[in-house]
Amino acid sequence: MKLKDIDLLDLAMNNAYNILIGDKSMEEVMNQDSEIILLPDPEISDEELSEDLIEYFITTEEYEKCSEIRDMIKFRTMVDNIINP
């Protein structure tokens, strides 16, 4: 089955989201039966990826995912501040 461009973008964003928040590993995504579509550009930071994903999920009205990403960003910031005061 050939996916449309919009479906490929959605798959890429959801794969990136699942890897970022730890729901799936890179290996799990690569072993999916569907087409392997990954968005994370290895050149960008997790923070940049997080912001890109939030922007995308706002457009698709998936606000729970936005909230989970924001919570993860806040947690990382808190841990960084504890480790590197």
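Visitor: Which residue does the side chain of Glu51 meet in a salt bridge?
Guide: The side chain of Glu51 meets that of Arg70, with 3.1 Å from N to O, where a salt bridge is a side-chain nitrogen of Lys or Arg within 4 Å of a carboxyl oxygen of Asp or Glu. This pair links distant parts of the chain, since Glu51 lies in helix H3 and Arg70 in helix H4, 19 residues apart; helices here are DSSP runs of H or I with at least four residues, numbered from the N terminus.

Visitor: What kind of model is this?
Guide: It is a predicted model, in which local features need pLDDT of at least 70 and side-chain atom pairs count only at pLDDT 80 or more, while totals for chains, interfaces and linings use all residues. Residues are numbered from 1 along each chain as its sequence is written, and side-chain values use heavy atoms, leaving out hydrogens and water.

Visitor: How many salt bridges does the count come to?
Guide: The count comes to 3, and one of them joins Lys65 to Glu62, with the closest N and O atoms 3.0 Å apart.

Visitor: Is Lys65 buried or exposed?
Guide: Lys65 counts as buried because its relative accessibility is 18%, given that buried means under 20% relative accessible area, exposed over 50% and partly exposed in between, with a 1.4 Å probe and protein chains only. Glu62, at 24%, counts as partly exposed.

Visitor: New topic: what does Phe57 touch?
Guide: Leaving aside residues up to four places away in sequence, Phe57 touches several residues, including Met13, Tyr17, Lys65 and Ile69, where contact means heavy atoms within 4.5 Å.

Notes
Helix = DSSP H or I, 4+ residues; strand = E, 2+ residues; numbered from the N terminus.
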